[in-house]
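Have the coordinates open while you read.

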There are 2 protein chains.
Amino acid sequence: MNKMLSALPFVMTLMSGASANQEDSLLSSVLYRPAIHFSPLKNFMNDPNGLIWDQSTQTYHMYYQYNPNATVAGNQHWGHATSKDLFHWEDHPVALNIGSDGALIFSGSAVIDVNNTSGFFNGSSNKNFVAIYTRALLNGTQDQGLMYSTDGGYTYTPYSGNPVIDLNSTSFRDPAVQWHPEWNKWVMTVALSREHKVRFYESTDLKNWTRLSEFSAGIYGVDYECPNLTPVTDVDGSKKYILFVSINPGMPLGGSATQYFIGDFNGTTFVPEDEATRLLEFTKDNYALQYISQGSILNGTSSYGSNAFIGWVGNWQYAQNTPTGSWRSAFTLARNYSITENVYGQRVIAQEPLNVETLRIDSESISSNVSLGSNNTEHKIELPVVTTALELIIKGNYSSLPSDAAPGQGRFNLKLANDFNEYVEAGLDWGSGNLWLNRDNLTGFDNPFFTGKFSTFTDVTNLDFNWRIIVDASVLEFFADDGITVGTMAYYSSIPLTNLILESPNGENIDVEVEINPLAKSMNRTTIFG
Amino acid sequence: MNKMLSALPFVMTLMSGASANQEDSLLSSVLYRPAIHFSPLKNFMNDPNGLIWDQSTQTYHMYYQYNPNATVAGNQHWGHATSKDLFHWEDHPVALNIGSDGALIFSGSAVIDVNNTSGFFNGSSNKNFVAIYTRALLNGTQDQGLMYSTDGGYTYTPYSGNPVIDLNSTSFRDPAVQWHPEWNKWVMTVALSREHKVRFYESTDLKNWTRLSEFSAGIYGVDYECPNLTPVTDVDGSKKYILFVSINPGMPLGGSATQYFIGDFNGTTFVPEDEATRLLEFTKDNYALQYISQGSILNGTSSYGSNAFIGWVGNWQYAQNTPTGSWRSAFTLARNYSITENVYGQRVIAQEPLNVETLRIDSESISSNVSLGSNNTEHKIELPVVTTALELIIKGNYSSLPSDAAPGQGRFNLKLANDFNEYVEAGLDWGSGNLWLNRDNLTGFDNPFFTGKFSTFTDVTNLDFNWRIIVDASVLEFFADDGITVGTMAYYSSIPLTNLILESPNGENIDVEVEINPLAKSMNRTTIFG
C-alpha cells in the first residue's frame, strides 16, 4: 500500500491518527469504492433480493443479503435501499431482521399484494408489500417464509404461520415469486439446491402453495441457487421465458456463476426450446442475479418483469477476501436483456447497461479518432479523472487485414493503466476470432482463485468491432458484439487507472473511434475523488 | 532465453554454429520435449485418430492429425506410430496421404475388418484395416471417406467409391466407427459441427450407411468435434455408454475443451440418463480425445473399447503459438475412465493414467514424510533430475483444522520450482473446498489466452487429500479425488523445474506423505537430459 501513499498524498488527510492497518483499510475502502455501482455503506453484501418497481411511488426497492456486523458472510439479514433511477440509491435500515428463533434471512423476492390476496392487509393498497424469503433455521433446515409490510416496503412483520413451504430439507432456498395475470395466480420459482432442481409452485394467497413441476439441466455444480423465471418478448413478438440458474461452486471457471435457459412456460411447466447450456458471461464475477419485478399496479394487471436484472459482482471463491476494507461487494448496474441471435445463428440473450446515458457529463466527454499502424503502434489518452466512473465506447476497424488472417494476426489491445505499470486489458485476436479480458497485471489483490485471463469467441464476420466498457473504481463491465459477449470483472489496482492505451502490437492498421464519457457520481459514498 | 543459456551450459554443445533464432528454437525443442508423452518428431500435430489395439500383433496403432511441412495447422495428413505399451512409440511414415484431388485428411477412426465385411480384402485376416476419415475438399465440403490397408495398418489405399457419406455440408466431420457385436453392425458417431449435433449411422459393410438418430446437448460453443461413443461397465455391472463431445471454440475457459454425457445406447439412439452438462477437466488443455478401440479379434466377437482414451494436450487458442521450436503438441498419457460418484452423489467419470507404474524406476524413488506447521511452513525437496518425467503421489492430512474452517483456512501449496523463481503450483483451500492449479509464474510463454489460474471444488469431507501428478517437461497431468478431479496443463518454464516445495502458508499442521517416482524415458526423442 506504500505505493499508493506516495502517489496519492491527497488521500492522506483522511487518515490522520490512524494505525497502519487502519490506514490500509481506510485507503482500500476509499480507493475501491464505486461511484455509480451500489455497494453497502459498510460490511458484507451478497445476493440482491426483492427487486421491485413500485409504480405508485415511482420508486425501486432493492433488498440484499447483508451481514450488518462483519465484512464476511454470515448472520444474514435483508439490507434495504431505494432509488428513483437505479443509480442514486438511498440507504434504509435493515428491512428483514432475524427473529427470536434465530433463523437467518436468506435470499428471496418481494411482491406488492395490491389486492390483498394474502389477507395480511386492510384492503387494497399499493403499500401492501410481501417478502417471500428462505428461513435458514439453526437446525440446518431451509424453508420458505413470509414477512409483510404495510408501509410500502420499509418495515416488515413476520407471518405467524411461517413456514409456508417446508420440505424438512437443508437445501431448499431462494424463492422468486411473481403474479401471472393470465392465470390469475402467484408462481414461485425455487431451488432444491443440492438436487439441482428448480421447482415451481402456485398459490392464490401467497400462504398456500401447490407444487407444479420441476426443471433440471445444464451445469449442476454443487448447488443450484437463485433461480429466476422471467418473461421476455421474443424477436418475433411472441412471449418466451428465460430461466436463470446460479450455480455455486462448480462452474467451469471455478466457484460461482450464472447459466440460463430459453423456453416456454405454460403456467405449470418450463420447457426449454433446446438442450443447450448457456453461460451468462465469459468471466466469473456476476452471481445470483435477480430480475426487477414491475410490481403490481392497482387492479393487478401486471407483475411482469422489466427485462432488467441486477447481479452480485462477486464469486464465492474470493468474495470474502477482497481488499475493500470496511465494506465488501458491489452490484452490477441494472441490465436490460433480450433474446437475439449470435453470428452463428444461435439464440442467446444480449445485455446492456440500463440508462447509463443519463449519467454522462457531456461537457467532459472526450472523442478521439486514432489511426494505429506500423508508425503508431501505441496511442495513449489521459483519462479525465473528475470521477472514478467512465463509459468507454470503442469502435474499431481493421483497414488492411487479409481475409485469411491467422491466429495472432489482427491484434488489438486496450489498456486501462496507471503509472506503476498496472493495467487491466481487453484484447482482440482477429485471426482466431477470440477476445480477452485480463486483470493479471494489477497488484491490489492476490488470491489463487482470482483468475486473471478470460476469453471467448467474438464476431469477426466483418473487419470492425464495437465495445462498450463501464469502469468504476473496482468494477468493470464489458460489452461486445452488441451485448451478446459480456464480462463483469472486479479488479483491484494499487492506485487508480488514469490512462487509456490503445495498441496495435503487430503494427497492423486499425482505425479506432474512442469516446470517453465521464459518468456523474450517483452513490452517496466516500470515494477517492470525494 | 538468455537465462536458460546461463543456467544450462551443458545444452550449449547442441548449438555450435547455430544462429540466435536457431539456438532458441533448438533449445525450446529440447527443453520442452516430453520423455513419456508422445509428441511428433517435428512439425504440428493435433487430434489423435484411429486409436486401435491389434490383438494379433499385440500392437497399438495410433494415427494423428499432422502437418508434415510446418509447425502450425494445415495440410492435414494422418501421421502414424505404433506401440506395445502406449508409452514406447515407434514412428512410421505418414499413413493417410493427400491424394490428387487435394482433399485434406481430417480426423477419424480405424477398424480391423477381420471378416472382410467391406469386401476390400481377400478373405478374413487380422491385417484388414480400414480408416474412416473426413475428406476436407478444396471447395469447402466435408464428407466421409474410407481408405483400406492390407498390411495391418501401415499403408493405405483410398476407396474408389469415396465419399461414403456426403451431405454437401461444410460442417460434417470426425467419424468414430465401432463394430457392435450385439447388433451385428458397424455404428458411426459423427459431428454435424456447426449444428451442434452428434449423428449416428449404421452399416454392415462400411460403405453403405443408414442414418439412425441425432443427439444435441450441453455447451454448444461454435463447433462440435470428435464425438466418441464408448461402452463402459457401470458400478452395478450393467452396461452404460459415455458420449464424449469436443467443442471449439466457445468453452467457458476459452477455446476448446471436452464435455461428456452418461447414458444408454440401444443400437439406434443415445439417451442421456440426466440433463447434466459435464466437463472432462477443470483446465483447458485436453481436446479431441479418442478412445482406444480393442480392434476386432478373429470371429468378430468384440470391437469394444478398452475404457481408455488419449487426448490432445492443446487448446486451439494458442496451440499454434507454443514455444516448442521444431515440433508442436503432445498427447496425454492413455487414461482409463470409469463411472463413479463424487462426494455429492453425482455420477461422473474417474480417470487414471494407465500403467504408469510400469515406468517407475524404483531404485531412484524418494519417499518422505513431511510435517508442516507453524515452525515448518515450507519444506523443499530436490527432485531427482535423471529424467524429465516424474510421478508425484501426495497424501496430505490436516491434523488440527477446525470443523468450521473458513475460506482461506487449511491452505496447502505444492510448487514445482526452479532457481529463477518460476513455479507451477497446485493448491488447496480447505475452508472453501476448492483446489487450484496455477501456471502464471512461468516465463516460457506469454499469450493472452494462456489462462494461468484454474480451480474447482474438491472433496473436503475428511481432513485428508490424495493427489497424483505426472510432470513431464512441458505437460502436467493432475489427478485428485481418486481421479474425479482432473486437470491437464501444458506449461513452459525457462529452465527445468528441479525443486518440489510444500507449504503450509498459514502455519497450520499438515502431515504430508510424499512419493516421487522418476519414470523411465519411453519416447525416442531428444530431451534436455538426452
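## Where the chains meet

Across the interface of chain A and chain B, the rule finds two salt bridges. Keep in mind that this is a predicted model. One of those bridges pairs the side chains of B:Asp440 and A:Lys453, at 3.6 Å from N to O. Polar contacts are part of the picture too: 13 residue pairs between chain A and chain B make them, with both partners at pLDDT 80 or more. On the side of chain A that touches chain B, strand E30 (434-438) and strand E31 (453-457) each supply at least two residues. That side of chain A splits into 18 nonpolar, 16 polar and eight charged residues.

How much surface goes into it? The area buried between chain A and chain B is about 3600 Å², and carbon and sulfur atoms give 57% of that. On the chain A side, A:Pro448, A:Phe449 and A:Lys453 lose the most area to chain B, together 17% of what that side buries. By residue count, the contact takes 42 from chain A and 43 from chain B.

## Nonpolar cores

The largest nonpolar core has 78 residues, and the ones with the most contacts inside it are A:Phe412, A:Trp467, B:Phe412 and B:Trp467. Apart from that core lies another one of 42 residues, with A:Tyr220, A:Tyr241, B:Val187 and B:Ile219 among them.

## Salt bridges

Over all chains the rule counts 54 salt bridges.

| Salt bridge | N to O distance |
|---|---|
| A:Asp264 and A:Lys240 | 3.1 Å |
| B:Glu182 and B:Lys239 | 2.6 Å |
| B:Glu391 and B:Arg468 | 2.8 Å |

What does the A:Asp264 and A:Lys240 pair tie together? A:Asp264 is in strand E16 (residues 257-265) of chain A and A:Lys240 in strand E15 (residues 239-248), so the pair joins parts that are 24 residues apart in sequence. A:Asp264 is partly exposed at 35% relative accessibility, whereas A:Lys240 is buried at 12%.

B:Glu182, from the loop between E10 and E11 of chain B, and B:Lys239, from strand E15 of chain B, are 57 residues apart. B:Glu182 counts as partly exposed at 36% relative accessibility, and B:Lys239 as partly exposed at 38%.

Then there's the pair of B:Glu391, in strand E27 (residues 389-398) of chain B, and B:Arg468, in strand E32 (residues 464-472) of chain B, which are 77 residues apart. Are these two buried or exposed? B:Glu391 counts as buried at 0% relative accessibility, and B:Arg468 as buried at 15%.

Some bridges join up as well: A:Glu195, A:Lys197, A:Arg199, A:Arg211 and A:Glu214 are linked in a network of them.

## Backbone geometry to check

Chain B has a cis peptide bond from B:Asn162 to B:Pro163, with omega near 0 degrees. B:Pro163 is in the loop between strand E8 (157-158) and strand E9 (165-169). Another cis bond joins B:Asn248 and B:Pro249, with omega about -20 degrees; B:Pro249 lies in the loop between strand E15 (239-248) and strand E16 (257-265).

B:Asn184 is exposed, with a relative accessible area of 52%. B:Cys226 also has a positive phi, near 50 degrees, but B:Cys226 lies in strand E14 (residues 223-233) and is buried at 7% relative accessibility.

## Buried loop residues

A:Thr324 sits in the loop between strand E20 (305-313) and strand E21 (327-328) of chain A and is buried, with a relative accessible area of 1%. A polar atom of the A:Thr324 side chain is 2.4 Å from the backbone oxygen of A:Trp327. Beyond its sequence neighbours within four places, A:Thr324 is in contact with A:Ser28, A:Ser29, A:Tyr32 and A:Tyr492.

In chain B, B:Pro323 is in the loop between strand E20 (305-313) and strand E21 (327-328), buried at 18% relative accessibility. B:Pro323 and B:Asp446 are 123 residues apart in sequence yet 9.3 Å apart in space, C-alpha to C-alpha.

How values were computed:
Residues are numbered from 1 along each chain as its sequence is written. Chains are lettered from A and ligands numbered from 1 in the order in which they are written. This is a predicted model: local features need pLDDT of at least 70, side-chain atom pairs count only at pLDDT 80 or more; totals for chains, interfaces and linings use all residues. Side-chain values use heavy atoms; hydrogens and water are left out. Contact means heavy atoms within 4.5 Å. Buried area is the accessible area (1.4 Å probe) that two parts lose on being put together, summed over both. A salt bridge is a side-chain nitrogen of Lys or Arg within 4 Å of a carboxyl oxygen of Asp or Glu. A polar contact is a pair of N or O atoms within 3.5 Å; within protein, one must be able to donate a hydrogen and the other to accept it, and residues adjacent in sequence count only if both atoms are side-chain atoms. Helices (H or I, at least four residues) and strands (E, at least two) are DSSP runs, numbered from the N terminus. Ala, Val, Leu, Ile, Met, Phe, Trp, Tyr, Cys and Pro count as nonpolar, Asp, Glu, Lys and Arg as charged, and the others, Gly among them, as polar. A nonpolar core is a set of buried Ala, Val, Leu, Ile, Met, Phe, Trp, Tyr and Cys residues joined through side-chain atoms within 4.5 Å. Buried means under 20% relative accessible area, exposed over 50%, partly exposed in between (1.4 Å probe, protein chains only).
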